[in-house]
Amino acid sequence: MKKLVLFFLVLISIQFSLKAQQEPFHKFAPLPYAYDALEPYIDKMTMEIHYDKHHRAYYTNFIAAIKGTELENTPMETIFANMSSYAPAVRNTGGGYWNHEMFWNCMKPNGGGVPAGKLGDAIKSTFGSFDEFKKQFAEAGVKRFGSGWVWLTVNEAGKLIINSTANQDNPLMNTETLRGVPVLCLDVWEHAYYLKYQNKRGDYINAFWNVVNWDFVQSGYDKAIARKQ
Ligand code: MN
(Lines give C-alpha, C1' and ligand atoms only; values in the text may rest on other atoms or scores of the structure.)
Protein backbone atom coordinates (compact mmCIF):
# COMPACT_ATOMS: atom_id res chain seq x y z
CA MET A 1 0.00 0.00 0.00
CA LYS A 2 2.81 2.36 0.97
CA LYS A 3 4.56 1.58 -2.30
CA LEU A 4 1.40 2.36 -4.24
CA VAL A 5 1.03 5.76 -2.52
CA LEU A 6 4.66 6.54 -3.24
CA PHE A 7 4.16 5.55 -6.89
CA PHE A 8 1.25 7.97 -7.25
CA LEU A 9 3.15 10.74 -5.49
CA VAL A 10 6.00 10.32 -7.97
CA LEU A 11 3.52 10.37 -10.87
CA ILE A 12 1.92 13.57 -9.58
CA SER A 13 5.27 15.31 -9.08
CA ILE A 14 6.39 14.34 -12.61
CA GLN A 15 3.17 15.84 -13.95
CA PHE A 16 3.81 19.05 -12.01
CA SER A 17 7.35 19.42 -13.30
CA LEU A 18 6.17 18.78 -16.87
CA LYS A 19 3.54 21.48 -16.44
CA ALA A 20 6.18 23.90 -15.16
CA GLN A 21 8.26 23.22 -18.26
CA GLN A 22 5.28 23.77 -20.53
CA GLU A 23 4.48 27.17 -19.00
CA PRO A 24 5.48 29.55 -21.84
CA PHE A 25 7.81 32.52 -21.29
CA HIS A 26 5.43 34.72 -23.33
CA LYS A 27 2.02 34.50 -21.67
CA PHE A 28 -1.48 35.50 -22.72
CA ALA A 29 -2.60 37.63 -19.78
CA PRO A 30 -6.22 37.72 -18.64
CA LEU A 31 -8.20 40.88 -19.37
CA PRO A 32 -7.85 42.99 -16.16
CA TYR A 33 -11.64 43.63 -16.01
CA ALA A 34 -14.94 42.22 -17.33
CA TYR A 35 -15.90 42.63 -21.00
CA ASP A 36 -18.68 45.07 -20.06
CA ALA A 37 -16.63 47.03 -17.48
CA LEU A 38 -15.87 49.93 -19.83
CA GLU A 39 -19.49 50.46 -20.94
CA PRO A 40 -20.86 52.73 -22.25
CA TYR A 41 -17.58 54.06 -23.69
CA ILE A 42 -16.28 50.74 -25.03
CA ASP A 43 -19.08 48.23 -25.57
CA LYS A 44 -19.06 44.66 -24.33
CA MET A 45 -19.17 42.97 -27.75
CA THR A 46 -16.24 45.02 -29.06
CA MET A 47 -14.19 44.12 -25.96
CA GLU A 48 -15.06 40.45 -26.25
CA ILE A 49 -14.12 40.18 -29.93
CA HIS A 50 -11.12 42.46 -29.54
CA TYR A 51 -9.62 40.53 -26.62
CA ASP A 52 -10.73 36.98 -27.25
CA LYS A 53 -10.44 36.90 -31.06
CA HIS A 54 -8.03 39.63 -32.27
CA HIS A 55 -5.63 39.74 -29.34
CA ARG A 56 -5.65 35.96 -28.88
CA ALA A 57 -4.95 35.44 -32.60
CA TYR A 58 -1.93 37.78 -32.45
CA TYR A 59 -0.62 35.84 -29.47
CA THR A 60 -1.20 32.39 -31.03
CA ASN A 61 0.37 33.45 -34.33
CA PHE A 62 3.32 35.07 -32.55
CA ILE A 63 4.03 31.88 -30.60
CA ALA A 64 3.84 29.94 -33.89
CA ALA A 65 6.16 32.44 -35.62
CA ILE A 66 8.90 32.12 -32.98
CA LYS A 67 8.56 28.38 -32.38
CA GLY A 68 11.91 26.64 -32.03
CA THR A 69 13.90 29.92 -32.03
CA GLU A 70 15.69 31.76 -29.20
CA LEU A 71 12.85 34.32 -29.28
CA GLU A 72 10.72 31.86 -27.30
CA ASN A 73 12.70 32.99 -24.25
CA THR A 74 13.59 36.57 -25.25
CA PRO A 75 11.88 39.54 -23.54
CA MET A 76 9.61 41.50 -25.91
CA GLU A 77 11.57 44.74 -25.33
CA THR A 78 14.73 42.99 -26.59
CA ILE A 79 12.92 41.58 -29.62
CA PHE A 80 11.54 45.05 -30.46
CA ALA A 81 14.99 46.65 -30.04
CA ASN A 82 16.25 44.25 -32.76
CA MET A 83 13.03 44.21 -34.80
CA SER A 84 14.73 44.80 -38.16
CA SER A 85 16.54 41.44 -37.83
CA TYR A 86 13.34 39.39 -37.78
CA ALA A 87 10.66 38.32 -40.26
CA PRO A 88 7.59 40.55 -40.86
CA ALA A 89 5.43 37.86 -39.19
CA VAL A 90 7.32 38.35 -35.91
CA ARG A 91 6.92 42.13 -36.18
CA ASN A 92 3.19 42.05 -36.93
CA THR A 93 2.17 39.35 -34.48
CA GLY A 94 4.64 40.31 -31.72
CA GLY A 95 3.54 43.93 -31.94
CA GLY A 96 -0.12 42.91 -31.95
CA TYR A 97 0.41 40.70 -28.91
CA TRP A 98 2.35 43.26 -26.83
CA ASN A 99 0.46 46.42 -27.89
CA HIS A 100 -2.94 44.99 -26.95
CA GLU A 101 -1.78 43.87 -23.51
CA MET A 102 -0.53 47.41 -22.85
CA PHE A 103 -3.78 48.86 -24.23
CA TRP A 104 -5.99 46.86 -21.80
CA ASN A 105 -3.87 48.17 -18.93
CA CYS A 106 -4.18 51.76 -20.14
CA MET A 107 -7.92 51.55 -19.40
CA LYS A 108 -10.05 50.79 -16.35
CA PRO A 109 -13.66 51.16 -15.25
CA ASN A 110 -14.29 54.58 -13.69
CA GLY A 111 -11.06 55.84 -15.21
CA GLY A 112 -10.46 59.21 -16.78
CA GLY A 113 -9.88 62.45 -14.95
CA VAL A 114 -6.69 64.46 -15.05
CA PRO A 115 -3.19 63.00 -14.52
CA ALA A 116 -1.43 64.28 -11.41
CA GLY A 117 2.12 64.20 -10.08
CA LYS A 118 5.24 64.32 -12.25
CA LEU A 119 3.33 63.05 -15.28
CA GLY A 120 0.71 65.80 -14.96
CA ASP A 121 3.49 68.39 -14.67
CA ALA A 122 5.38 66.99 -17.66
CA ILE A 123 2.22 66.98 -19.81
CA LYS A 124 1.55 70.62 -18.90
CA SER A 125 5.10 71.79 -19.51
CA THR A 126 5.40 69.85 -22.81
CA PHE A 127 2.02 70.57 -24.40
CA GLY A 128 0.94 73.75 -22.59
CA SER A 129 -2.12 72.19 -20.93
CA PHE A 130 -3.89 68.86 -20.47
CA ASP A 131 -6.57 69.94 -22.97
CA GLU A 132 -3.95 70.80 -25.56
CA PHE A 133 -2.32 67.39 -25.02
CA LYS A 134 -5.70 65.65 -25.54
CA LYS A 135 -6.28 67.69 -28.69
CA GLN A 136 -2.91 66.76 -30.20
CA PHE A 137 -3.28 63.08 -29.21
CA ALA A 138 -6.77 62.94 -30.77
CA GLU A 139 -5.50 64.63 -33.95
CA ALA A 140 -2.73 62.05 -34.28
CA GLY A 141 -5.37 59.32 -33.96
CA VAL A 142 -7.78 60.79 -36.48
CA LYS A 143 -4.97 61.46 -38.98
CA ARG A 144 -3.48 57.95 -38.82
CA PHE A 145 -4.35 56.63 -42.28
CA GLY A 146 -5.60 53.05 -42.25
CA SER A 147 -4.76 51.00 -39.16
CA GLY A 148 -2.40 51.80 -36.34
CA TRP A 149 -1.81 53.21 -32.89
CA VAL A 150 -1.31 56.53 -31.09
CA TRP A 151 1.23 56.75 -28.29
CA LEU A 152 2.40 59.03 -25.54
CA THR A 153 6.08 58.16 -25.39
CA VAL A 154 9.10 59.11 -23.31
CA ASN A 155 11.65 59.62 -26.09
CA GLU A 156 15.37 58.92 -25.98
CA ALA A 157 16.01 62.43 -24.56
CA GLY A 158 13.55 61.76 -21.71
CA LYS A 159 10.91 64.10 -23.16
CA LEU A 160 7.23 63.35 -23.77
CA ILE A 161 6.15 63.05 -27.39
CA ILE A 162 2.93 62.04 -29.15
CA ASN A 163 3.55 59.66 -32.00
CA SER A 164 1.56 57.38 -34.22
CA THR A 165 2.61 54.04 -35.70
CA ALA A 166 1.22 51.99 -38.59
CA ASN A 167 -0.14 48.46 -38.34
CA GLN A 168 1.07 46.81 -35.11
CA ASP A 169 4.34 48.73 -34.83
CA ASN A 170 5.28 50.48 -31.58
CA PRO A 171 7.88 53.02 -30.37
CA LEU A 172 10.13 50.31 -28.90
CA MET A 173 10.88 48.94 -32.37
CA ASN A 174 14.18 49.88 -34.00
CA THR A 175 12.25 50.20 -37.28
CA GLU A 176 10.62 53.41 -35.97
CA THR A 177 12.07 56.91 -36.41
CA LEU A 178 10.40 58.25 -33.25
CA ARG A 179 11.58 55.79 -30.62
CA GLY A 180 11.23 55.61 -26.85
CA VAL A 181 9.28 54.03 -24.03
CA PRO A 182 5.51 54.22 -24.55
CA VAL A 183 3.43 55.11 -21.46
CA LEU A 184 -0.06 55.44 -23.01
CA CYS A 185 -1.50 53.88 -26.14
CA LEU A 186 -4.70 53.92 -28.12
CA ASP A 187 -5.69 51.34 -30.72
CA VAL A 188 -7.17 53.13 -33.76
CA TRP A 189 -7.74 50.02 -35.90
CA GLU A 190 -11.38 49.89 -37.05
CA HIS A 191 -11.87 46.64 -35.10
CA ALA A 192 -11.36 48.67 -31.89
CA TYR A 193 -14.43 50.86 -32.42
CA TYR A 194 -16.45 50.02 -35.54
CA LEU A 195 -19.36 48.14 -33.88
CA LYS A 196 -20.27 51.13 -31.69
CA TYR A 197 -18.82 54.14 -33.50
CA GLN A 198 -18.73 52.98 -37.17
CA ASN A 199 -16.77 55.59 -39.16
CA LYS A 200 -16.62 58.10 -36.27
CA ARG A 201 -13.11 57.48 -35.00
CA GLY A 202 -13.05 60.94 -33.39
CA ASP A 203 -16.04 60.05 -31.16
CA TYR A 204 -14.28 56.86 -30.06
CA ILE A 205 -11.17 58.85 -29.14
CA ASN A 206 -13.28 61.36 -27.17
CA ALA A 207 -14.90 58.48 -25.26
CA PHE A 208 -11.48 56.95 -24.52
CA TRP A 209 -10.62 59.79 -22.12
CA ASN A 210 -13.36 58.52 -19.77
CA VAL A 211 -11.65 55.16 -19.26
CA VAL A 212 -7.93 56.03 -19.22
CA ASN A 213 -6.12 54.47 -16.27
CA TRP A 214 -3.85 57.38 -15.32
CA ASP A 215 -2.34 55.41 -12.40
CA PHE A 216 -0.94 52.92 -14.91
CA VAL A 217 0.32 55.69 -17.21
CA GLN A 218 1.88 57.53 -14.26
CA SER A 219 3.69 54.41 -13.08
CA GLY A 220 5.02 53.72 -16.60
CA TYR A 221 6.20 57.32 -16.84
CA ASP A 222 8.02 57.16 -13.47
CA LYS A 223 9.79 53.93 -14.54
CA ALA A 224 10.76 55.35 -17.96
CA ILE A 225 12.19 58.52 -16.37
CA ALA A 226 14.06 56.51 -13.70
CA ARG A 227 15.70 54.50 -16.50
CA LYS A 228 17.00 57.72 -18.06
CA GLN A 229 18.65 58.90 -14.84
MN1 MN B 1 -6.72 45.95 -31.81
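I began with Q198, which I found in the loop between helix 7 (194–197) and helix 8 (201–208), where helices are DSSP runs of H or I with at least four residues, numbered from the N terminus. This is a predicted model, in which local features need pLDDT of at least 70, side-chain atom pairs count only at pLDDT 80 or more, and totals for chains, interfaces and linings use all residues. Residues are numbered from 1 along each chain as its sequence is written, and side-chain values use heavy atoms, with hydrogens and water left out.

I noted that Q198 has a positive phi of about 45° although it is not a glycine. Q198 is partly exposed, with a relative accessible area of 32% (buried means under 20%, exposed over 50%, partly exposed in between, with a 1.4 Å probe and protein chains only).

I then turned to N110, which sits in the loop between helix 4 (88–105) and helix 5; its phi, near 55°, is also positive in a residue other than glycine, and N110 is exposed at 77% relative accessible area.

Next I looked up P40 in the loop between helix 1 (2–22) and helix 2 (44–65), and found that a cis peptide bond joins E39 and P40, with omega about 0°.

Last, I asked which residues of helix 5 meet helix 6. I123, K124 and F127 in helix 5 meet F130, E132, F133 and Q136 in helix 6, contact meaning heavy atoms within 4.5 Å.

Definitions and conventions:
Helix = DSSP H or I, 4+ residues; strand = E, 2+ residues; numbered from the N terminus.
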